[in-house]
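Please look over the sequence and the model before reading on.

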Amino acid sequence: MGVSLDKIKQTRRGMQALIIALAIAIAAGLGFEIEKHASAQQSQAQLPTPADLSRTFINVAKQVKPAVVNIDVVEKSKRSAMRLPEGFPDIPGLGGGQPRRQRGTGSGVIISSDGYILTNNHVAADAEQINVKLADGREFKAKRIGTDKETDLAVIKIEAQGLAFAKLGNSDALEQGEWVIALGSPFGLEQTMTAGIVSAIGRDLGAGAGQFTHFIQTDASINPGNSGGPLINMQGEVIGINALIFSQSGTSSGIGFAIPSNLANKVYAQLIKSGKVTRGYLGVYLRPVTPTLAKAIGYEGTDGAQVQDITKEDSPAARAGLRSGDVIVEFEGKPIKNPSQLTELVADTPIGKPAQLKYVRDGRTQTATVNLGERPATGEVQEQKQGEDDENGSPLGISTQTVTPDIARELKLRITSGVVVQNIQTDSPAAEVLQRGDVIHRINRMPVTNRQDYVRAMQSLKGDKEIALQIERGGQLQFIIVTLD
């Protein structure tokens, strides 16, 4: 059987069409690969080189260094004038004996052209004399404008005009992993620059490190003398004030902490205006809502802050009708997650301002209007019961609270009275033998059923070098001996 000429022509045309289609596809694919390759080359060409990164550090240093100062202080103290944060070693020869004039060093950053300088409270608070040395070598006597122990911030001022100053950045925009630079005078070595990254943000280190400070953690090297100096981002903005480190040796272990610039800015504004920082005050002792506690009081969830007690009969909370056991769940329209958040919201509210809050009592949500008072100074009355025992002369270095029925249920106590240990100072006599959550039932021969008993028992100690405590821990009673300093 033969094949017609028309069929052969049709077959050839089909083959030609297929070849053309394949050629187009190959060309398109090749073009796509070429385009991809060109795009990759272009992206690679845009990546910063090590030299680019070095130039960024150089430019930031040139921009900010003129605003960084060395601070030399003289104070009459048994300790170093530069009161080093927790983790720093004691300085030989500065303890004991009669008070004497001591010298210390720190850092600061100029934040206005007329000489206002931000630094740490622990650098400037007790100084009798403050000497400031600028990056250009000029030296000035500075006066203390105001200090705030709660945030470990201070403002000092030198009499000068037209000074280079640094800009405070937005610490709320800071992200973990960002490059940062620390500038200051570690060990007195002026204008030292170290670099690292933001290791973490929002670090809560407990009330001992600042009730209102959620620190920026960095691995940029921070050492004694860096305190009060700036932590800077890659735009040359101050996003933190270096404050403390965690260290076993007293030098940098790669864990340093800075006070966020947004908080520093708020404190600075108040110190400039009035020389002190005022904060709103509710007048309650607070505790978190644990699952066990929530179940015991018939409360759903664990958000909120439970009122353990009212500080005084005429406190703002008492006048508003709050009482022990209430769980505060909302303040000025903002849901409350925990006691720390509530304390900060209250502190940021103007004194005397009527504030609206919601609380849960016996399973029912209620509302109240509170006219906030002024928060007492540190060491008087605090929102959470801590430091009270030291005020009353306790040599143990702990804070306690009377055991309530809720606490007794939560800890499953055999003896449902006494005082529960809330906080322990790290260098206190009790630090080696007591734990948070221990319940003290007896001090020497004196029974302890509440805080009043505890205070009386501690005040009755007359030069005792050792005391015996009966405690309950994990459902077991035991006696421990505490050696007092």
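## The chain as a whole

The model is predicted. The protein chain has 485 residues, and 46% of them are buried. Its secondary structure consists of 10 helices and 27 strands.

Among contacts with a separation of 6 or more, 61% are between residues 24 or more positions apart. The accessible surface of the protein chain is about 24700 Å². Carbon and sulfur atoms account for 51% of that surface.

## Nonpolar cores

In soluble globular proteins, nonpolar side chains tend to be buried together. In this chain, the largest nonpolar core holds 48 residues. Which of its members touch the most others? They are Leu118, Ile130, Val132 and Ile158. Apart from this core lies another one, made of 21 residues, including Leu282, Leu342, Tyr359 and Leu372.

Strand S23 covers residues 419-424 and pairs with strand S22, residues 398-402, in the antiparallel sense over five bridges. In this pairing, Ile398 stands opposite Ile424 of S23.

S23 also pairs with strand S24, residues 439-443. This pairing is antiparallel too and has two bridges. Here Val419 stands opposite Ile440 of S24.

Leu53, Trp179 and Ile197 make a nonpolar surface patch of about 240 Å². Of these residues, Ile197 lies in strand S9, which spans residues 192-203. Is Ile197 buried, partly exposed or exposed? Ile197 counts as partly exposed because its relative accessibility is 31%, between the limits of 20% and 50%.

## Pro291 and helix H5

Pro291 is part of helix H5, residues 291-297. Its relative accessibility is 62%, so Pro291 counts as exposed; the cut-off for that class is over 50%.

Pro291 and Thr302 are 11 residues apart along the chain. Their C-alpha atoms are separated by 6.2 Å.

How values were computed: Residues are numbered from 1 along each chain as its sequence is written. This is a predicted model: local features need pLDDT of at least 70, side-chain atom pairs count only at pLDDT 80 or more; totals for chains, interfaces and linings use all residues. Side-chain values use heavy atoms; hydrogens and water are left out. Helices (H or I, at least four residues) and strands (E, at least two) are DSSP runs, numbered from the N terminus. Buried means under 20% relative accessible area, exposed over 50%, partly exposed in between (1.4 Å probe, protein chains only). A nonpolar core is a set of buried Ala, Val, Leu, Ile, Met, Phe, Trp, Tyr and Cys residues joined through side-chain atoms within 4.5 Å. Patches are made of residues with over 30% relative accessible area and no salt bridge: like charges are joined within 9 Å, nonpolar side chains (Val, Leu, Ile, Met, Phe, Trp, Tyr) within 5 Å. Accessible areas come from the Shrake-Rupley method with a 1.4 Å probe; for residues, only the protein chains shown count as cover. A salt bridge is a side-chain nitrogen of Lys or Arg within 4 Å of a carboxyl oxygen of Asp or Glu. Contact means heavy atoms within 4.5 Å. Two strands pair if DSSP finds at least two bridges between them.
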